[in-house]
Every structure is written in structure tokens, then in C-alpha cells.
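Dear colleague,

I am passing on the structure below, together with some notes on what turned up when I went through it. Please have it open beside you as you read.

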Amino acid sequence: MDLILQNFDLLLFAVLFITGYVAGRWNERRHYASIRKREDEFAGILVFTNRFPPPSTTRVATVLVSGSAVISEDFFKGVVAGLYSFFGGRIRSYESLLDRARREAVLRMKEQARAQGAGMIINVKFQTFAIGGRRASSVKGVEMLAYGTALSPVGA
Amino acid sequence: MLLSNLELVPGRRVVKHLGLVQGSTVRAKHVGKDLFAGLKNIIGGELKAYTELLKESREEAVERMVKQAESAGANAVLNIRFATSSITQGAAEILAYGTAVTLE
């Protein structure tokens with residue numbers, strides 16, 4: 001009993017670390033499965049970073065569309081990233097986090113475009129915003145915003 | 001009011017350029033949301049409350065920008081951009097800006 005109390009910090013860390021790893025991985029896998037499924041579903045909506053519509057475009061209506069998602073890191077990712085930011089190198093645990101957030105944001109933007117009956121989004125811009133900051137006690141996550149102009153054919 | 005992040009609207013001519021318009025809002029999250037988000041920080045996943053909060057703030061920023069454009073007599077805002085910055089711990093400013101124009 002004494003031993004447990006003395007090493008409470010370490011024990012708590014271990015529990016959080018394992019919980020973070022298991023739950024985080026499960027969450028990530030589930031999220032990726034849902035992203036892939038919806039990406040197939042929305043494949044018909046084309047996304048471009050071009051500033052101007054293709055020359056062949058006939059009369060279109062333009063609507064500003066946007067999508068955003070805030071994805072939280074898990075305890076495991078946080079610890080791994082902490083280690084890497086000490087030694088340097090690629091932080092793969094964060095790469096997947098940002099990838100998920102960006103793809104989710106694009107999907108939500110496409111959802112809005114589909115609701116407008118648009119088949120194309122042009123001039124797409126991304127913006128990343130880190131929530132939380134450096135303080136250890138703060139909530140950590142990343143917001144990804146995607147926005148662009150949806151073009152829908154007039155009179156269709 | 002037509003909103004777009006394009007510089008030109010296909011098929012329509014800009015007849016009057018009315019200059020820069022902007023709208024911003026500073027929002028803080030409340031403690032309850034933070035507690036739940038703290039739990040989420042262990043297991044990972046989407047922070048839906050934060051997504052909603054930032055989305056609402058962005059809508060408000062756009063609304064303010066539109067109001068400014070209306071008072072300038074514009075019927076469209078073009079080349080819209082968004083910016084987000086953290087002011088202090090737990091508060092963020094969301095800015096929307098663009099060019100107010102009159103389209104024919």
C-alpha cells in the first residue's frame with residue numbers, strides 16, 4: 001500500500017500513458033475509417049486551389065463555403081511529441097493528427113458545397129490554429145479551417 | 001450580399017471599389033467545456049465544443065464584416081480571408097476581412 005502511495009505519480013502516468021495509447025489508437029483508426037468512407041462519397045466534388053474558375057466555365061453562382069474541425073491530441077501523442085521536441089526529428093504522432101484535422105475540414109467544406117448543389121470548389125485556403133499553447137495544464141488541440149468558393153451552375 | 005474569396009466574380013463586373021472591410025470577435029471558452037476537453041486530451045478525438053465555438057465566432061466575425069460592408073453601400077465582399085490568433089490563455093480572436101465592392 002505504501003509503495004503504491006509513494007509511486008502514485010508514476011502509476012498515474014503509466015495508467016494515462018496506456019489509456020492514451022489504446023484509446024487514442026482506437027479513436028484514430030475509427031476516424032480514418034470514417035474519413036476514407038466520406039472521401040469516396042464526396043469524390044464527385046472537385047477541389048482546386050486555382051484563383052480563377054476554369055475557362056470552360058459557363059454561368060455559375062458563387063458561394064463562400066468553409067469547414068473546420070478541432071482535433072485533440074491524446075496523452076500518448078503528447079508524451080511522444082514532448083520527447084521528439086527534445087531530440088528533434090519527425091513527430092509522426094502529430095503528423096497524423098494534423099492530417100486528420102485537414103481531411104475532416106475539407107470534407108465538411110465539401111458537405112456545405114453539396115448542400116448548395118455545387119460541383120467544384122476553387123481558391124481553397126487552409127488555416128491552422130493551435131489551441132492551448134505551451135502551458136502544461138491547458139487543453140491541447142489543433143483547429144484546421146478550409147475555405148473556398150463553391151461554383152454551382154445557374155439554372156440547374 | 002455576395003461573399004466570396006475570389007478576386008473577381010465570374011460573369012459580373014465590379015463597378016465601384018469601396019475598400020477594406022473587417023469584422024472580428026474575441027471569445028473565451030468556459031470552464032465546463034475545458035473540463036470535458038481535458039478528458040478528451042487523454043483519449044484523443046474531436047473537441048466538438050471547440051469546433052462549434054470557433055465556428056460560431058467565425059460566423060459572428062463575418063456578420064460584423066457584412067454589416068460594415070452594408071453601411072458602405074456595397075453589395076458584395078470579395079477576396080475574403082480569415083485569421084485566428086490567441087490573445088491570452090483560453091481566448092482567441094477571429095478576424096474576417098475582405099474588399100467591399102459594388103457589382104453591376
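Read along the sequence, chain B of this predicted model follows the pattern β-β-α-β-α-β-β, which amounts to two helices and five strands. Four strands of chain B come together in an open sheet with mixed pairing, and their order across the sheet is β1-β4-β5-β2. At the edges lie β1 (2–3) and β2 (14–28) of chain B, each of which pairs on one side only. Helix α2 (residues 48–71) of chain B packs on this sheet, where it touches β1, β2, β4 and β5 of chain B, and its direction makes about 145° with that of β2(B).

Within the sheet, strand β4 (residues 76–88) and strand β5 (residues 91–103) of chain B run antiparallel and are joined by ten bridges; as one point of reference along this pair, F82(B) stands opposite A96(B) in β5(B).

As for the overall form of chain B, its radius of gyration is 17 Å, whereas a compact globule of 104 residues would have one near 13 Å. Taken along the principal axes, the C-alpha atoms of chain B fill a box of roughly 55 × 25 × 15 Å. Buried residues make up 43% of the 104 residues in chain B, and the chain exposes about 5,200 Å², of which carbon and sulfur atoms supply 55%.

Turning to chain A, you will find four helices and four strands, arranged from the N terminus on as α-α-β-β-α-α-β-β. The radius of gyration of chain A is 21 Å, well over the 15 Å that the globule rule gives for 156 residues, so chain A is more spread out than a compact globule. In keeping with this topic, the C-alpha trace of chain A spans about 75 × 25 × 25 Å along its principal axes. Of the 156 residues in chain A, 40% are buried, and among its contacts with a separation of 6 or more, 79% are between residues 24 or more positions apart.

One element of chain A that I looked at in detail is helix α4 (residues 92–115), which has 24 residues and reaches 35 Å from its first C-alpha to its last, close to the 34 Å expected at 1.5 Å a residue. The buried residues of α4(A) include S93(A), L97(A), V106(A), L107(A) and M109(A), but also R100(A), E104(A) and K110(A). After α4(A) comes G117(A), whose phi is positive, near 75°.

Methods
Residues numbered from 1 in each chain as written. Chains lettered and ligands numbered in written order. Predicted model: local features only at pLDDT ≥ 70, side-chain atom pairs only at ≥ 80, totals over all residues. Heavy atoms only, no water. Expected span 1.5 Å × (residues − 1). Buried < 20%, exposed > 50% of the residue type's maximum accessible area, 1.4 Å probe, protein only. Pairing = 2+ DSSP bridges. Contact = heavy atoms within 4.5 Å. Axes fitted to C-alpha atoms, helices over the stretch in contact; angles between N-to-C directions. Rg over C-alpha atoms; globule rule 2.2 N^0.38 Å. Areas by Shrake-Rupley, 256 points an atom, 1.4 Å probe, with all protein chains shown as cover.
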